[in-house]
Amino acid sequence: MLQPSPPLPSRRRAPFLQLLAVLMALWLVGCASLPTEVQRPVSHALQQADDTRLGRSVAEHLARTGQRHASGFRLLGATEAAYTSRLSLIDTADQTLDLQYYAILADPSTGLLLQRLRDAAARGVRVRILLDDFNTTGANAQVLRLAFVPNIEIRLYNPLPGSRRSLAGRLLGSLGNIEQAQRRMHNKAFIADNTLGITGGRNLGDAYFGQGQDSNFIDLDVLAAGRIVRAMSASFDAYWNNELAYPVQSLLTPDELDALKKPDDPLDQPDADPGASPLDLSPARLTWAPSLLLVDEADKIAAEQEGTEDTVVDGLLRLMAATREDLFIVSPYFVPGEPMMGVFAQLRRAGVRVRVLTNSLAATDAPLAHVGYARYRKRLLEMGVELYEMRAEPGPGGSALAGGSADVRRVARRGSESSPARQPAQISGSGATSRASLHAKTLVLDHSLLVVGSMNLDLRSQLQNSEIALLIRSGTLARQAEDMAKPVLEQDAYRMALEDGQLVWHAPDGPPVRTRFEPDAGLGMQWLLKLIGPLAPEEML
């Protein structure tokens, strides 16, 4: 017969009780739930923009030039252009600003953007911010303070119950519904007066504007004007008024935000000293062309909606299948899946050139996504797809896909000697001081159709996340995007090859790398991925 264990010695009982208390707390967090009675006042984008400066500028340009197409575009590759374009939209807006993002990080570069949003609200501009809830933890939760500023509303999409002190706490709070927790609103949009808007790959944070200390993203956005922006606004409204969008006030209070605040909060620094000219928003600087907006339905990330609707990635697969000569794909997280592999096989049999630029393991910020890509790498090479992997350390020519890094810190620096601005992390030219990671999501079809959006070509974007993509029929912009990428392919990326059944990484500035392991990546991470990689479902990578 088993005898009951003797009592623990008193010197060990306290740690045991502490552990028990922690486990109980985690259980309680895991049982957390969202509020059920939530007030969501319905609101919509500005209907008449003719009285705004932006609206008049676009209308006058169309009347003066007799443009055949009612939508204009400009690529935003360089980090300074991407940053100052957003500042310019805020400063020029007269009536409304609508922002939709997967992540807004509490970084110094974001601090200036948020201060300008406060200034816009103070002069009477209505500001609506729709933010996916996944990253609103720790220091990033302080972004939500704007929800308590007059004329600014913030809603969190598909919120997770539980603690906001850490991401781990958020995940524990979602133990009862993991399926729903992994479905995220990945859309990106920045719209002023329903007339000009930005979409593409960038979230808001230092690493997206060349200012990250350890790593910076190479990314691409597009500035749009005219009729297509009304489609962007209609999509924003559908998400904003959806039952998955929760006003911040229904989820937490200012006191709860105070409890999360840290003394070195970058959003509390003195006002910024602008040091660069705003981007010229003149319609004359745009390329006017036919366009179409693809956007997932707002209910896509509701678990019960799985498989019931066409998605952005489904639409892109059909476009890709119609390519006649050349398909160029830029996707930082590339897990094609069997349907896409079928499209590639079809294109290669028809003699279509297919090129893919994605991250190497050393460059990616999502190692598990690389596991999914690696499963298909040999098959892709065998069918003749040209694969390029972005290196973590750019070559001497710089990461030209983003037009080079600019000193955004000059724009958003703080003028306090007690908090001196750190030097910008260079990701172009010589003397690079931070790792580069590809983040642009772009397709060019037959040198004439350009796609820029938030989507990755992976099963997560296809099946779980909501996405947005802008299709532009313009040889000028398509060639411009290809020209941006050309130095990356030639100087900053490995060209993959399959020689005698073995993977070979051809570096532009050195001998070929023949190894069973991924170049430049830590062996510990590689062994870990080899162990857990085969167990990970592709739709979760």
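**Cores, salt bridges and a pocket in a predicted model**

Ile129 touches Leu99, Ile104, Leu117, Leu146, Ile152, Glu153, Ile154, Arg155 and Trp240, with residues up to four places away in sequence left out of the list; a contact here means heavy atoms within 4.5 Å. The structure is a predicted model, in which local features need pLDDT of at least 70 and side-chain atom pairs count only at pLDDT 80 or more, while totals for chains, interfaces and linings use all residues. Residues are numbered from 1 along each chain as its sequence is written, and side-chain values use heavy atoms, with hydrogens and water left out.

Ile129 also belongs to the largest nonpolar core, which has 55 residues; Leu97, Leu117, Ile129 and Ile154 touch the most other members. A nonpolar core is a set of buried Ala, Val, Leu, Ile, Met, Phe, Trp, Tyr and Cys residues joined through side-chain atoms within 4.5 Å. In soluble globular proteins, nonpolar side chains tend to be buried together. Buried means under 20% relative accessible area, exposed means over 50%, and partly exposed is in between (1.4 Å probe, protein chains only).

Charged side chains come next. A search of the whole structure finds 21 salt bridges, each being a side-chain nitrogen of Lys or Arg within 4 Å of a carboxyl oxygen of Asp or Glu. In one of them, Asp94 pairs with Arg53, and the closest N and O atoms are 2.9 Å apart. Asp94 lies in the loop between helix H3 (79-92) and strand S2 (96-101), and Arg53 in helix H2 (residues 53-65), so the pair ties together parts that are 41 residues apart in sequence. Helices (H or I, at least four residues) and strands (E, at least two) are DSSP runs, numbered from the N terminus. Asp94 counts as partly exposed because its relative accessibility is 26%, and Arg53 is partly exposed at 39%.

Arg377 forms a salt bridge with Glu389, again with the closest N and O atoms 2.9 Å apart. Here Arg377 lies in helix H11 and Glu389 in strand S14 (residues 386-390), so this pair ties together parts that are 12 residues apart in sequence. Both Arg377 and Glu389 are buried.

Helix H11 (367-382), strand S20 (502-506) and helix H15 (523-532) each supply at least two residues of the lining, and H11 gives the most, with six.

Finally, Gly200 lies in strand S6 (residues 196-200) and counts as buried because its relative accessibility is 0%. Its contacts are Lys188, Leu220, Asp221, Val452, Gly453 and Ser454, not counting residues up to four places away in sequence. Gly200 and Leu75 are 125 residues apart in sequence and 9.6 Å apart in space, C-alpha to C-alpha.
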